[in-house]
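Could you look over this one with me? I've put my comments into numbered points below the structure.

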Amino acid sequence: MSTQQRTPAADLSSLRIDDHARKTGNRGKRLGWLAGVLLIVLAGAAAAYRVKDPKLAVEVTTARSAANAPAQALLNASGYVTPRRRSSVAAKITGKVIEVDTDEGMQVKEGQIIARLDCAESDAALASAKADRIATEASIHDLEVNLANADRELKRTQQLTDAGVQTPQALDAARTLADSYRARIALTKEQVAAADRKIDVAQENVNNCTIRAPFSGQVVSKDAQMGEMVSPISAGGGFTRTGIATIVDMQSNEIEVDVNESYIARVKAHQRVIATLDAYPNWQIPSHVRTIIPTADRQKATVKVRITFDHLDPRILPDMGVKVAFLGDEQPHANADGGAAAPKALIPNSAVTHQDGKTSIFLVHDGKVERRAVTLGSQRGDDVEVLAGLSEGDTLVAKVPENLRDGQTVDVKK
């Protein structure tokens, strides 16, 4: 009989949990649950604190003085410096230059000689005119002698005719001869006067050989040299000059700009202007509108405006490029009692908020903001005037966030 092998029974006692171990595991589980609940409570409290008093980061600015701030620019334009008095001095006659007394940069006074032309022909013409006058005047004396003799003959003939010795015909002949001499003397005197006028013309031609400055100024261009031919008209191709020198009155420098006719209504006489030369971009020159030329350019649809510098400077030269800004008028605002209110400060437009029909800003004190109502004035570009509620030097929020509240703690952005 075969012996049947039995499988040993499993020992279940090894799976038993000790009572001490079971108590320790429950305690750790409870501590874990307690720690999780505590973390949740702390997170909720932190979230509630942030909701109750959020600490936003804001940009701040300082209220600036409105008195020192420039007025708003209504219009910008560009142009050039142009003198009102500029002259390309030329000769009135055609001639050869024998002397040039100017050079570029030289200061000249009105009437000063700047060049001379060869005037040999003009001098000869003047001498001839004077000689003709002398000869004509000398013939008057001969005619006067003959007239005196004719008057004596007329007197004797009259006596003889009265005595019946001479005929009336002889008396008429004597009278005619005397009258003829008188007429010839009158004619000769008129010829002398005509000779004087010819002398004046010849003298003017001699004077035209001397070129003088028409006004006081500075020579900016020397156009002719000694030995060259000059003429008031263009003749002889490129071998004949039409000018001696160019003179500019630096005290008459002004600005000439073209303003689009769509914006010309923003420009008026005596309007304040700030000019900036292209050569000196950091130099702002106070100026004002002198005149608006009363005509438009149909090709460019522009109107020419001339602007005068308030104070001239040697650095301002003709034909320099310049940019101008036409400034608006500073309009005073009326107080409640009717008086003019001067703006207290100038702040950015982004610092102003509107709520319930009221205008306010947020001041910053010791890390907290304070809402304050303000009264605004005129716009100045990206800035606005504050008439009441704010003083120069106050610190305020530059860009107001949507959720910013009165009394809220903020961080100031550096």
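What follows is a short note, point by point.

1. First, the ground rules. This is a predicted model, where local features need pLDDT of at least 70 and side-chain atom pairs count only at pLDDT 80 or more, while totals for chains, interfaces and linings use all residues. Residues are numbered from 1 along each chain as its sequence is written, and side-chain values use heavy atoms, with hydrogens and water left out.

2. Now the overview. The chain comes to three helices and 27 strands (DSSP runs numbered from the N terminus: helices are H or I with at least four residues, strands are E with at least two). Of its 414 residues, 32% are buried, meaning under 20% relative accessible area with a 1.4 Å probe, counting protein chains only; exposed is over 50%, and partly exposed is in between. Take the contacts (heavy atoms within 4.5 Å) between residues at least 6 apart in sequence: 74% of them join residues at least 24 apart.

3. Next, the cores. A nonpolar core here is a set of buried Ala, Val, Leu, Ile, Met, Phe, Trp, Tyr and Cys residues joined through side-chain atoms within 4.5 Å. The largest one has 21 residues, and Ile255, Val257, Leu277 and Ile307 are among those with the most contacts inside it. Strands supplying at least two residues each to this core include S3 (73-83), S13 (253-260) and S16 (302-309). A second, separate core of 19 residues includes Val89, Val108, Ile211 and Val219.

4. Helix H3 deserves a look. H3 has 40 residues and reaches 59 Å from its first C-alpha to its last, close to the 58 Å expected at 1.5 Å a residue (that is, 1.5 Å times one less than its number of residues). Its buried residues include Leu171, Ala178, Ile185, Val192 and Val206. Helix H2 (120-163) and strand S8 (210-212) are among what covers them.

5. Apart from neighbours within four places in sequence, Thr188 is in contact with Thr136, Ser139, Ile140 and Leu143.

6. Last, a sheet. Four strands form an open sheet in the order S4-S12-S9-S6, with antiparallel pairing (two strands pair if DSSP finds at least two bridges between them). S4 (86-89) and S6 (107-108) are at the edges with a single partner strand each, so one side of each has no neighbour in the sheet. Four bridges join S4 to S12 (residues 245-248), and Ser87 has Ile247 as its bridge partner in S12.
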